[in-house]
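My notes follow the display.

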2 protein chains.
Amino acid sequence: MLTYSFENIGPEPLYLHLYKCIKNDILDGVLSSGTKLPSKRSFAKNLGISNITVENAYAQLQAEGFIYSIPKKGFYVTVLPDNMPGIKEEYINHETARIAAGSIMEEESQCKIDLVSNMTPPANFPFSIWAKLMREVISEKSSELMKKSPWGGIMELRRAISLHLKQFRNMDVAPEQIITGAGTEYLYTLIIQLLGYDKVYAVENPGYKKVAQIYKSNNVACEYIPVGSSGIVIEELERHNADVAHISPSHHYPTGIITPVSRRYEILAWASKKKGRYIIEDDYDSEFRLEGKPMPALQGIDIMERVIYINTFTKSLAPTIRISYMVLPWKLLHEFYNKLSFYSCTVSNFEQYTLARFINDGYFEKHINRMRNYYRNVRDKFMNEIKRSRLADICEISEEGSGLHFLLKIHTEIPDSEYVEICRQNKINVSCLSQYYIDDKNGTKAGITDSTGRNSYNNREHIIIMNYSGIKMEDIKETVSLLCKSLGLVYM
Amino acid sequence: MLTYSFENIGPEPLYLHLYKCIKNDILDGVLSSGTKLPSKRSFAKNLGISNITVENAYAQLQAEGFIYSIPKKGFYVTVLPDNMPGIKEEYINHETARIAAGSIMEEESQCKIDLVSNMTPPANFPFSIWAKLMREVISEKSSELMKKSPWGGIMELRRAISLHLKQFRNMDVAPEQIITGAGTEYLYTLIIQLLGYDKVYAVENPGYKKVAQIYKSNNVACEYIPVGSSGIVIEELERHNADVAHISPSHHYPTGIITPVSRRYEILAWASKKKGRYIIEDDYDSEFRLEGKPMPALQGIDIMERVIYINTFTKSLAPTIRISYMVLPWKLLHEFYNKLSFYSCTVSNFEQYTLARFINDGYFEKHINRMRNYYRNVRDKFMNEIKRSRLADICEISEEGSGLHFLLKIHTEIPDSEYVEICRQNKINVSCLSQYYIDDKNGTKAGITDSTGRNSYNNREHIIIMNYSGIKMEDIKETVSLLCKSLGLVYM
């Protein structure tokens with residue numbers, strides 16, 4: 001009969017120890033497929049442990065498929081395939097994976113202050129209105145709620161978005177052209193399937209790293225195109241043989257650059273020069289222009305049907321709401337219908353109907369106005385606190401007019417990576433402009449190309465991206481104080 | 001000055017006619033870039049129409065970017081890129097696209113009775129409980145709701161799913177292994193990104209056409225593997241050099257075949273024979289086994305970490321709820337974390353928290369039990385109505401024990417495609433088993449391979465898939481009557 005030692009097993013439960021011993025013997029081939037295991041009672045007696053311990057160990061082994069039971073006969077080692085490459089190894093990896101997965105979950109927001117993530121302070125979301133609208137939807141739409149949404153989203157929401165785009169962005173878009181999806185990231189993957197895997201997708205450098213990650217993860221060619229002081233550089237689009245340019249002309253992240261009209265026409269001209277060229281216009285935060293009027297969207301001046309417009313409610317409303325949309329030119333819409341309308345809409349009906357009401361009843365506009373006021377106050381308080389602090393002497397603020405971030409250039413010798421790390425130790429999560437650049441393969445550092453065509457990478461260093469979307473009013477003072485502390489400065 | 005004729009323009013508004021005339025002249029190059037248009041007043045006078053008509057036409061042209069205005073100077077034709085391949089053509093296509101898109105929206109559910117789509121009768125969804133839980137979530141979780149969900153979904157829901165899988169499917173799954181997403185279709189695309197674009201993905205033939213469509217649309221190799229009377233045929237997996245087998249062993253759609261244990265071990269053996277082989281176990285309707293206990297999941301006996309388990313709440317709860325999940329083996333989870341955790345979770349926090357409560361408070365179990373009873377009654381009533389009808393003499397019923405469909409074999413000479421069309425004319429939407437088969441490239445018809453290895457395609461004809469998930473009790477009689485009518489039979 002099998003014998004295992006129970007000495008020096010530490011605090012581990014007996015049954016777990018027994019389970020592991022048997023499992024290892026199965027994996028090592030000591031206990032071969034089909035071997036009958038000792039009966040619980042005799043095994044327990046033999047090992048000098050209780051019946052229940054053996055029972056628990058067997059139950060665990062059975063649950064994991066290592067053994068099986070035949071009623072009234074007993075337990076047998078599962079018939080495993082002959083060829084088991086590296087199974088032992090994989091099992092050892094379990095532990096690491098488990099720990100990794102566990103700690104990933106816990107890891108989040110160790111930092112008290114977060115100047116990186118996009119968030120909305122809870123107090124700003126109109127919960128009671130949202131709840132009221134949800135109740136209305138439940139009582140009035142119960143049968144619609146049980147029907148599958150059309151592939152592009154429910155028409156009620158698409159009509160609401162169409163009107164909103166007209167009022168807010170002066171865009172003439174038919175509801176049919178609007179396709180909703182659970183997040184812009186998902187929409188990008190649909191666009192790849194629509195435009196093709198053989199295309200070269202161009203992303204902005206610097207820019208959101210995620211956009212490039214998504215293209216690469218979807219197995220398409222992705223090129224980094226420098227962003228100059230007037231937006232993406234056309235010659236570089238040509239040089240990289242780009243087919244599809246993924247850009248944010250209204251407000252570039254993180255530099256804050258707004259692409260001027262002349263460059264906009266140049267971009268449209270670039271797209272129109274060759275069949276199959278397209279522009280993905282990511283208009284992610286046009287709602288949050290704090291000063292002046294937003295520049296019209298590229299989509300509105302595109303008569304060649306080359307612009308796919310994308311926007312999201314996740315950013316303007318709340319991370320809770322996972323609804324984004326794209327506007328397709330008619331020709332692409334036709335193609336989408338033929339190729340991709342088999343996909344189910346990824347947004348729940350429920351939230352689609354609720355959001356449609358939220359827009360139609362004017363709450364969305366009110367919300368945006370309130371948020372704009374709120375964020376204007378946050379920004380102003382930040383400016384004041386910075387001016388009052390020791391930072392004032394060694395920093396310059398720029399791009400404070402739009403979006404929910406501004407740039408803070410600091411005159412310091414501390415390298416960006418080091419500063420970010422010191423901040424983290426001080427429980428403040430920050431990112432620097434330089435982190436958004438992808439450098440050339442041959443080591444040439446990317447930077448902002450100025451109007452003379454000179455690339456100066458110096459102007460990308462020591463610039464903190466002050467994303468204040470999730471910072472509460474009462475935390476601003478502390479935020480500035482922690483930024484000072486991380487630079488070795490006393491706050492005041 | 002420009003002159004257009006307004007004669008014989010039919011019921012079209014004047015401004016729309018004028019708009020089209022000018023647009024065509026711009027597209028044809030008659031009006032070249034930069035040309036100044038006549039002032040509204042003189043143009044109106046010249047054409048003998050009102051100022052407001054010209055104004056409306058100009059506004060439309062401006063909205064679409066064909067012309068632009070310079071304050072106090074007038075309207076000018078937009079500077080278009082020199083090279084405009086096929087712009088006219090694209091514009092003509094507009095109309096078709098517009099009509100197509102419009103009619104797609106309207107087209108749905110022309111049929112009174114739908115035996116194809118998956119639906120839930122509205123009365124069966126516990127709206128009041130769902131609404132109550134939503135209110136609780138709003139009042140108790142407001143700050144969590146404003147935070148971004150972790151990439152795999154919120155832990156509360158994943159813990160609830162883990163417990164549910166233990167109780168319901170006796171699966172031992174850690175919450176960390178569960179990754180939620182907005183629909184199984186989305187999860188498939190994540191799996192492709194995880195396992196690789198160089199892999200050969202195998203799908204069942206017959207089977208859900210959508211699954212193959214998704215693989216093809218994601219630009220990976222997809223092979224059709226025959227399903228025999230005991231599930232997918234292993235030799236064919238080998239013959240097609242499959243790396244990843246996408247199967248539904250618990251309940252195959254549409255044949256209803258349940259893969260027996262021996263074949264299950266063979267499938268696991270196939271997977272373990274080569275590195276990089278995986279099984280995607282689609283357990284989409286295991287909750288709705290109407291008779292007996294469901295067979296344990298493949299996932300539960302997979303000790304080689306080769307099974308990715310997938311299930312959805314969209315089917316078991318309501319199309320309203322767009323939440324699906326997959327269970328990754330630890331090793332893959334590790335890879336997922338490294339490669340794909342940059343993706344945001346596609347399900348809204350709000351619905352995640354609500355569903356977590358719905359499961360934890362026992363409502364989900366109650367709902368499933370109630371639905372099972374309800375559907376058992378629907379099925380029984382269907383059986384009775386069929387027995388009482390003229391269909392009884394010429395049909396056989398099979399696979400009525402599980403899922404929300406059964407098969408109705410009809411002895412008739414009418415080809416399947418014709419029968420489906422006649423049904424549609426009678427306002428009843430049906431599908432036949434033969435429609436779920438993909439035939440060989442060389443024209444050999446696929447069929448069910450029996451235990452002797454013989455492929456008999458005869459057994460795939462004249463079998464209606466009676467998907468009764470969306471049929472109301474009170475419509476069953478009429479459904480049977482319409483099926484009779486479509487066969488040229490009198491109901492009773």
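**Ground rules.** I am reading a predicted model, where local features need pLDDT of at least 70 and side-chain atom pairs count only at pLDDT 80 or more, while totals for chains, interfaces and linings use all residues. Residues are numbered from 1 along each chain as written, chains are lettered from A and ligands numbered from 1 in written order, and side-chain values use heavy atoms, without hydrogens and water.

Four bridges join the two antiparallel strands (pairing needs at least two DSSP bridges). Ser69(A) has Phe75(A) as its bridge partner.

**Sheet.** I then found an open, antiparallel sheet in chain A with the order β12-β13-β17. β12 and β17 of chain A each have a single partner strand, so one side of each lacks a neighbour in the sheet. Five bridges join β13(A) to β17(A). There, Leu407(A) is partnered with Ile465(A).

**Rings.** My search of the whole structure gave 50 aromatic pairs over all chains (Phe, Tyr or six-membered Trp ring centres within 6.5 Å; planes under 30 degrees apart are stacked, over 60 edge-to-face, the rest tilted). Tyr309(A) and Tyr325(A) have ring centres 6.4 Å apart and planes at 35°, so I noted the pair as tilted. Both residues are buried (under 20% relative accessible area; exposed is over 50%, partly exposed in between; 1.4 Å probe, protein chains only).
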